[in-house]
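Me: Please examine the structure shown below and answer a few questions about its helices and aromatic residues.

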Amino acid sequence: MKANRLFLMVALVATCFPATAQDTDAKRLYEENCGVCHQYDGGGVPMLQPELIGRPRANGPKGGVIEVILQGSTALAPTESDYGNEMPSFAHLSDLEIALIASYVRTHFENNGGPVTADDVKSRR
């Protein structure tokens with residue numbers, strides 16, 4: 001009975017408070033920088049851009065996603081990419097912007113890799 005009350009309280013809080021500004025920024029940054037190629041639903045484009053749904057890199061260590069965002073396709077071993085389009089580096093984005101995008105990818109599209117901080121990105125630059 002206690003667990004049911006806790007669940008109801010969590011559900012009530014979640015419906016009463018809109019997404020945080022950080023969540024909104026993360027989605028916007030993903031859509032502006034990644035959505036065209038990887039698609040807004042993370043589905044990718046066959047033979048051109050990989051899907052992001054349930055990906056091992058998104059669910060593994062934080063560095064995997066950070067490095068691909070920072071370095072683009074050059075961060076991948078030749079055997080890791082069978083896609084026709086090369087991904088450019090997004091190193092021009094700030095540490096916080098990259099952290100928000102990486103967190104978005106790691107916590108959406110059936111991924112549960114967890115959040116990334118600006119310090120995580122800074123340590124990989």
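**Aromatic pairs and a buried helix**

Reply: In this predicted model, a search of the whole structure finds three aromatic pairs.

Me: Is the ring pair of Tyr30 and Phe109 stacked, edge-to-face or tilted?
Reply: The ring centres of Tyr30 and Phe109 are 5.3 Å apart, and their planes meet at 50°. Planes under 30 degrees apart would count as stacked and those over 60 as edge-to-face. The pair of Tyr30 and Phe109 is therefore tilted.

Me: How many residues apart are Tyr30 and Phe109?
Reply: Tyr30 lies in helix α2, whereas Phe109 sits in the loop between α6 and α7. Both residues are buried. Their pair links distant parts of the chain, and the separation is 79 residues.

Me: Why is α6 described as largely enclosed by the rest of the structure?
Reply: Helix α6 spans residues 95-107 and has 13 residues. α6 is largely enclosed because the number of its residues that are buried is ten.

Me: Which element gives the most residues to the largest nonpolar core?
Reply: This core has 24 residues, and Ile98 and Ile101 are among those that touch the most other members. The elements giving two or more residues to this core are α2, α5 and α6. With seven residues, the element that gives the most is α6.

Conventions: Residues numbered from 1 in each chain as written. Predicted model: local features only at pLDDT ≥ 70, side-chain atom pairs only at ≥ 80, totals over all residues. Heavy atoms only, no water. Helix = DSSP H or I, 4+ residues; strand = E, 2+ residues; numbered from the N terminus. Expected span 1.5 Å × (residues − 1). Buried < 20%, exposed > 50% of the residue type's maximum accessible area, 1.4 Å probe, protein only. Core = buried A, V, L, I, M, F, W, Y, C linked by side-chain atoms within 4.5 Å. Phe/Tyr/Trp six-rings, centres within 6.5 Å; stacked < 30°, edge-to-face > 60°.
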